[in-house]
Amino acid sequence: MGNKKMIDTSSTADISTVGPKLSSLRKQLNEVLIGKSDVVEMIITCLIANGHLLFDDLPGLGKTTVAKALAQSMGGRFSRVQCTPDLLPTDITGFNILDQETQTFEFQKGPVFSDFLLADEINRATPRTQSALFEAMAERQVTVDNRTIPLPDSFMVIATQNPVESHGAYPLPEAQLDRFAMKLNIGYPQRSDEIMMLGNSVGNQTDTSPVYPVLDLKDLKSIQVAVANVEVCEAVRGYLVDLGAATRQHPEIELGLSPRGLLLWLRVAQAWASLDDRSYVIPEDVQAMIFPVLSVRVAGQRSETDAIFQEIIESVPVPNERTQK
C-alpha cells in the first residue's frame with residue numbers, strides 16, 4: 001500500500017476538491033438519516049476508502065434506506081439480497097443455464113454484479129452462502145465453474161445484521177468479518193429528530209425524501225485514488241503498527257488485528273484525513289477510526305469493547321510533532 005507506483009493516478013482528484021465534491025452527498029444522506037450526522041460521516045469515510053461496511057443494529061433504524069440512498073446518490077447499480085437459511089451461493093453469484101436452442105451454457109449474473117450490494121440480515125444465511133461473498137469482497141471478482149469474472153472497481157458490500165435475535169442466525173466467521181472495513185451502529189434518533197421525521201412524512205407517499213444522483217462513479221474513483229495517495233509518514237505508520245500489536249497482546253482480545261485489518265485501518269484513516277481537507281494523516285485520524293475498525297473484529301458489548309479500545313489507545317505512545325515530520 002505504501003508503494004505509490006502501484007496506484008493508478010490517471011484519474012486522481014486533488015485532496016482540496018474532495019470536500020466540495022462530497023458536500024452534496026453528505027447533505028442528501030443527512031436528509032435520509034435524520035440526526036445521525038456522525039454515522040453519515042463514517043459511511044462516507046468507508047465509501048471513499050473503498051471498503052465494505054457492516055451495520056449491526058436493530059430493525060427499522062434506517063440501515064436499508066441509507067444503503068439504497070447511497071447507491072442512488074452515486075448513480076450506481078444497486079442490488080439487495082434478503083439473506084435466509086435457504087439462500088444458495090448461486091443466488092448471489094449467478095449460475096450457468098443451458099440454452100436449449102444453441103445447446104450452450106449462458107451465464108446469468110447474480111445480484112453480486114452491481115456497484116452496491118446490500119446483504120440484508122447476512123447472519124441469517126448459512127456459512128456456505130456467506131462464503132460466496134469472500135472472493136467478491138476480497139478481490140472484487142467471482143469464480144463460477146472455473147471461470148473468473150471481474151466485478152466493478154466500485155463494488156461495495158453493505159451488510160446488516162440483527163444483534164438481538166439469535167434464532168436461525170449463523171454468526172459471521174472471523175475470515176469474513178476481517179473483510180469489512182468497519183462496523184457501525186445507527187441507534188435510536190433523538191426525540192426532536194423523530195418529530196422532524198414524522199413531519200416530513202405528512203403528505204408524502206414515502207417515508208423519506210427523494211434521492212438524486214449527486215456524484216457519478218467516475219468521480220468516486222478519482223476520490224478513492226486521491227485518498228489512497230494521502231501521505232502517511234513513517235512515525236504514524238509505526239504508531240499504527242504498535243496499536244495493532246497492542247490488540248494482539250491485550251488479555252481480553254482473543255484474536256488480535258490481522259495485517260489485512262491494519263491495511264484497512266490505514267486506508268480509513270487516510271479517508272478521514274481527506275474529509276478534513278488534509279493531504280496527510282495524523283495520529284488523531286488513526287485514533288478516530290479505532291472504534292469502527294476494531295468493532296468488526298472484537299466481539300462483546302459496546303460498553304466493554306469501547307473500554308478496551310480506549311485502553312489500547314492509552315497504552316501506545318503518540319508520536320510527537322517532530323517525529324511526524
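Buried means under 20% relative accessible area, exposed means over 50%, and partly exposed is whatever falls in between. Keep that scale handy as we walk through this predicted model and look at its charged pairs. Side chains of opposite charge can pair when their charged atoms come close. Searching the whole structure turns up 9 salt bridges, so let's visit a few of them.

Start in helix α1, which covers residues 15-32. Here Glu31 pairs with Lys27 in a salt bridge, with 2.8 Å between the closest N and O atoms. The two residues are 4 apart, about one turn of the helix. How open are they? Glu31 has 35% relative accessibility, so it counts as partly exposed, while Lys27 is exposed at 54%.

Next, hop over to Arg77, which forms a salt bridge with Asp115; their closest N and O atoms are 3.3 Å apart. This pair links distant parts of the chain, 38 residues apart. Arg77 sits in the loop between α3 and β2, and Asp115 in the loop between β4 and β5. At 49%, Arg77 is partly exposed, whereas Asp115 is buried, with a relative accessible area of 3%.

Finally, find Asp178 and Arg297, whose side chains meet in a salt bridge at 2.9 Å, N to O. Asp178 is in the loop between α7 and β9, and Arg297 is in the loop between α13 and α14, so their pairing ties together parts 119 residues apart in sequence. Asp178 is buried at 11% relative accessibility, and Arg297 is buried at 9%.

Notes
Residues are numbered from 1 along each chain as its sequence is written. This is a predicted model: local features need pLDDT of at least 70, side-chain atom pairs count only at pLDDT 80 or more; totals for chains, interfaces and linings use all residues. Side-chain values use heavy atoms; hydrogens and water are left out. A salt bridge is a side-chain nitrogen of Lys or Arg within 4 Å of a carboxyl oxygen of Asp or Glu. Buried means under 20% relative accessible area, exposed over 50%, partly exposed in between (1.4 Å probe, protein chains only).
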